[in-house]
Amino acid sequence: MSYPRNSASPPVIAVGTLYLLADGTIQTAGASARVKTGSGAWGAAAGTLACDTTSGVWTYAPTQGETDAESFLVAVYKSASTTAQVTVATSASATAGYSGVDWSKVTAATSTVSLSGTTISTTQAVASVTAAVTVGANNDKTGYALSSTSRDAIVADFLAHVISKGDAGTIERAFWQAAKSQASAEGEVSGTPTVSAFDTDLTAVTGAYDHLLVLFVSGSLTGEARPIASYDNTDGRITLQESLTAAPSATDEFLIIPSHTHPIADIQDGLATSAALATVDSNVDTLVARITSTLFSGITSMANWLGVLAGKSADASTLAEIQSTTAGATFANGTDSLEAIRDRGDAAWAPGEAGSGDASQSTLLAVQDQVEAIAGTLGGTAISVTSRIADGGSMVIYTGDDLKVRSGTQVTVSISDAAGGIYSRLSAIGTSSLSWGAARPSQAAGAISGTISSITQSGSGDDQVVNLVIEILDAGQSLNPADDYIWQVASTSSSGDEYTEIEGTLDLRRRVAVPIIV
């Protein structure tokens, strides 16, 4: 129908559907509208904007002034969503559904026109009407009548008329523009439709209507619109991005609206999904739960604390904070910081400063010369010096997931003792004066420590061995299975001196649970 110009009660206009860019859901609230009347500028809409929450179609009821032009445009928008717009061409009449003629544009009219069944406005000029009407210059329409034949001819001509582009500024051009802006195609449902796909009588090439809107204009789904996922030339099949509220019926009519919609997958690509946001929210909740209210209690500046622990420069307020803690009560950064310890080590580790009880390199060379001289004076038998420390061989122990050896663990190690000397010596010392320990060579002894529970002999001759049962007491701390370890058995004399009796290598491994296959 034609849209009335400057009517006191303009009809409501269907504008379209809005979709949220984040997930493609139809938006039925929170939108705004703008209007452009004729060649005027865009402005905020003064009419009434509404939405049918069932179909998701937005409608607009303009004010009278907004329709007072040959055409006007309405745009509906919402933040983070698609927009919908419509161009409306008005008629020369203020009556809805009536096109009429703008008689001010008719000059020297002499044609005979059949107006059967037409109501003529008092503002339109007509010369005379009999079976047909001749348009003239007078304004008198009294007694005009049209025959049924003339009326039928007018109706037939109107229904058979095909709107062409027309000339600029003509009503036909306005109708053509409005039609082009409102629909790319029209058709009917066929076959056995479902809520998400149906066949049609469309014959365009495959893909012609992909991502456009289909709007039903007849049947139970009138006014309902959905974005098209894909169109196939075979049977004119339309597959929708979103399901309809019900399956359409065969012969239901629809329009294809040239309002491009992006597939939900395209809109979602690159945006945070609900699942991803939920994961982030869960992780944040976990972190917040782990950060207790007392985590940094008593610390004014973490940077200052690190500075006091590292250097010797005075920082009275930070030092007071450290000393207020139980573990740091006696800490003094002038003597206990890393820098202070380094300074003492520089002096202690300098050549010749390792301690008065240690032999210098020159002394060791002199001893070696004396040993070689003594060896040379003995009757033809070379003397070789062997270590008094027995070779204990290699042993293996295991750590748990916390990289500690389980305390209370008993480990048995067998040491070759063909002559029985090791057994004799250790038995004479006694288990109460023996201890066991293991550590990396670069660290102080005793990272892992224990006692000797028992000493036994087994085998005979060259196969004779001494068996030590070791009870692990201290499991160590943050051990590294990748490192090399040395283990030793030490004895303590009555005067408190310690001597290493046996030494060997320790293979530290991480225990792996073997799954049981049923």
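Let's start with Asp-343, which counts as partly exposed at 26% relative accessibility; that label covers the range between buried, under 20% relative accessible area, and exposed, over 50%, using a 1.4 Å probe and protein chains only. Arg-342 is partly exposed too, with a relative accessible area of 43%. These two residues form a salt bridge, their closest N and O atoms being 2.9 Å apart. By salt bridge I mean a side-chain nitrogen of Lys or Arg within 4 Å of a carboxyl oxygen of Asp or Glu.

A quick word on the source: this is a predicted model, where local features need pLDDT of at least 70 and side-chain atom pairs count only at pLDDT 80 or more, while totals for chains, interfaces and linings use all residues. Residues are numbered from 1 along each chain as its sequence is written, and side-chain values use heavy atoms, leaving out hydrogens and water.

Back to the charges. Glu-501 and Arg-425 meet in a salt bridge at 2.6 Å, N to O. This pair links distant parts of the chain, 76 residues apart, with Glu-501 in strand E24 and Arg-425 in helix H10. Both kinds of element are DSSP runs numbered from the N terminus, helices (H or I) having at least four residues and strands (E) at least two. Is Glu-501 buried or exposed? Glu-501 is buried, at 4% relative accessibility, whereas Arg-425 is partly exposed at 40%.

Now for the strands. Six of them make a closed barrel with antiparallel pairing, in the order E12-E13-E16-E15-E14-E17; two strands pair if DSSP finds at least two bridges between them. Have a look at E13, residues 197-200. Ala-197 and Asp-199 point one way, Phe-198 and Thr-200 the other, and all are buried. Towards E16, Ala-197 stands opposite Thr-239. Between E12 and E13 the hairpin has six residues, and Gly-191 takes a positive phi near 70°.

Finally, the inside. The largest nonpolar core has 27 residues, and those with the most contacts inside it include Met-395, Trp-436 and Trp-487. Such a core is a set of buried Ala, Val, Leu, Ile, Met, Phe, Trp, Tyr and Cys residues joined through side-chain atoms within 4.5 Å. Strand E22 gives the largest share of this core, four residues. Apart from it lies another core, of 16 residues, and Phe-198 is among them.
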